[in-house]
Structure formats: structure tokens, C-alpha cells
Amino acid sequence: MTLESVPDRYAVIGNPIEHSKSPQVHALFAQQTGQAMQYERLLAPVDRFADSVHEFIAQGARGANVTVPFKLEAFALAQERTPRAQAAGAVNTLSFSADGIKGDNTDGIGLVRDITRNAGVPLRSRSVLLLGAGGAARGVILPLIEESIAGLVIANRTQPRAMELAQQFSHSDVPVSSATFEQLDQSFDVIINATSASLDAELPPLPDCVFGPQTLAYDMMYGAQPTIFMQHAAQRGAAVRDGLGMLIEQAAEAFFVWRGVRPETAPVYQWLRGQL
Ligand code: NDP
């Protein structure tokens, strides 16, 4: 093998990691675009994230995706951060070069692209309810604001976290506020479930009035069957969508960050849907 033909190395780093679908997604992107790259799963011990990244860099790696529970540590490790990583306070995409470690966050743009392009629902001038105030919720706020939505309400089980998050974005052009679930008294055009409640087959305690016939109810979680949140929303007349498209779109954006090439996501979505 000549030096030129050695594929560039990437990985997804997390703990646990064996469930991650990112290696299949990036392998399909690489095949489709003819990029010489190799993408693996890297299990980092919970207390050795930074060491694991440095060891990977020493092996010649060019970049990595970061997943649970390391997105905040990746943010801290990055020597340079993009504005969207800065706004998210978390990093899911690392690029390694002679200049050091650069941190980015592609989760939010992945969600926005899945809603606007794949689901065909424009976000401009739409009212949005965001459920949750964890890492995933935080990461989507700036990309939503950049779509010029009409307004954003954040509701979370632990309300001070929602208030803190709304406060952080209070100076943006779009009104951002927080509410308790009980305080919600109007319907929304788009409701995004960024809580992990669906993982436990639980529902945030939402009043029925939030769902209208024009509502898109989006669950960041995905699976072979509609999540309990999607079932609940559909029974109340909303259109529903799960987070598989977000997963693929955030990966496509990371691929673009690293390789400068945009893969086509639709065939990868179809393939992965069939694998669930
Ligand atoms: P975090 O642990 O950071 O946050 C969890 C959030 O869920 C908190 O706001 C928490 O509220 C809330 N929550 C947990 N259980 C319940 C419940 N029973 N009722 C109401 N609220 C609850 O997780 P992340 O933000 O990292 O992830 C959230 C979800 O998004 C996960 O399901 C994850 O799989 C998904 N995700 C999907 C992606 C994709 O590409 N499709 C990308 C990233 C995330 P509190 O503050 O009160 O604890």
C-alpha cells in the first residue's frame, strides 16, 4: 500500500458505543462520495476521554464524533470552537490538524435540515415548543433561531434549567421564554421532544391544547416503532416524525466538516430505516 492510499481515520467515541450506527452511516457516505476514509467505534473509559482522544490523534486520526457521555468534555478539550459549538456548550464533532483540536456541533443543524428539507416543514415564522433542557435541547436552540422562527418556548421537568437556558438566549432576535408543562395554554406549529423520557417509555406531562392539526411533533429518539410521544401526539391530530433523520443529517454535516463534500442522505436514511 502506498502512503497516498492509506485511508484517513475517524471514529465515534463514547461509552457505551457498541450500539452506535455512525460507522455504517459514514461508511455509506464514504462509498457514495469516493472518499478514502475509515471510521470505527472507540470505547473510551469514562475517566479517560481526553487520553483516548490524544492516543487516537497520535495514531494519525483526522477527526472524531463524540457521543454520550463525553460531549461536554469534548467541548472543554477543543482548543478552538465554532459559534454553534459555543452556543450549544457541547461538541459532537472534533477535527484534528497541525493547528490543534477544533470542536463543532452538528446536532442542531441536523435537526433543522431534517425538519425543513426531509419533512418539508418550513420553520420560518413558526411557533416552536422545545421539551427538555439537556445537551440535545441546548444544541438546537441557535440553529432554530437562525431559521427565524416566530418564537421559542422551552419546557422542562426541572424548570430552573429551562429558565436558565431561555435566559441565555434572551438577547436574540427571536423571543425565547420558558414555561412549566402546566403553564402551556396554546398550540404550537412544531413541538420537539428533546427529553430522554421516551427511553423509559414515559411522556412529559403535556396539556392536550399544545397539539393542533397543524402541529409537527418531532421526537429526537427513534426506533422500529413510533415512540410513545409520537403515538400520543398522533392521537391528538399532530403529524409525527422520529429522530432518525436528525441522526443522519448531523452525520452528513460532520462528514462535510471533515471532507468538504456533502453526501446524499436520502438513500442512507432508507437503508438505516430498514435495519431498525
Ligand atoms: P440529557 O440527559 O442531557 O437530558 C435529558 C432531558 O430529558 C432533561 O431535560 C431531563 O429533564 C429530561 N427528562 C428525562 N426524563 C424525563 C421524564 N421522564 N419526563 C420529562 N423529562 C424528562 O440528554 P440529551 O439531551 O443528551 O438527550 C435527550 C434525547 O435526545 C435522548 O433521547 C437522545 O437519545 C436524543 N438525541 C438524539 C439525537 C439524534 O441524532 N436523533 C442526537 C442527540 C440526542 P431534567 O432536567 O428534569 O432532568
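These legends go with close-up views of a predicted model. Local features need pLDDT of at least 70 and side-chain atom pairs count only at pLDDT 80 or more, while totals for chains, interfaces and linings use all residues. Numbering starts from 1 along each chain as its sequence is written, and side-chain values use heavy atoms, with hydrogens and water left out.

**View 1. An open sheet of six strands.** The order is E2-E1-E3-E5-E6-E4, with mixed pairing. Strands E2 (37-43) and E4 (80-81) sit at the edges with a single partner strand each, so one side of each has no neighbour in the sheet. Strands (E, at least two residues) and helices (H or I, at least four) are DSSP runs numbered from the N terminus; two strands pair if DSSP finds at least two bridges between them.

**View 2. Where E3 meets E5.** E3 (residues 63-66) and E5 (residues 93-97) pair antiparallel over three bridges. Look for Asn-65, whose bridge partner in E5 is Thr-93.

**View 3. The largest nonpolar core.** This core has 30 residues. Such a core is a set of buried Ala, Val, Leu, Ile, Met, Phe, Trp, Tyr and Cys residues joined through side-chain atoms within 4.5 Å, where buried means under 20% relative accessible area (1.4 Å probe, protein chains only). Ile-115 and Leu-130 are among the residues with the most contacts inside it. Helix H6 (135-146) is one of the elements giving two or more residues, and H6 gives the most, with five.

**View 4. Around Ile-154.** Ile-154 touches (heavy atoms within 4.5 Å) residues including Leu-130, Ile-141, Leu-165 and Val-176, not counting those up to four places away in sequence.

Conventions:
Buried means under 20% relative accessible area, exposed over 50%, partly exposed in between (1.4 Å probe, protein chains only).
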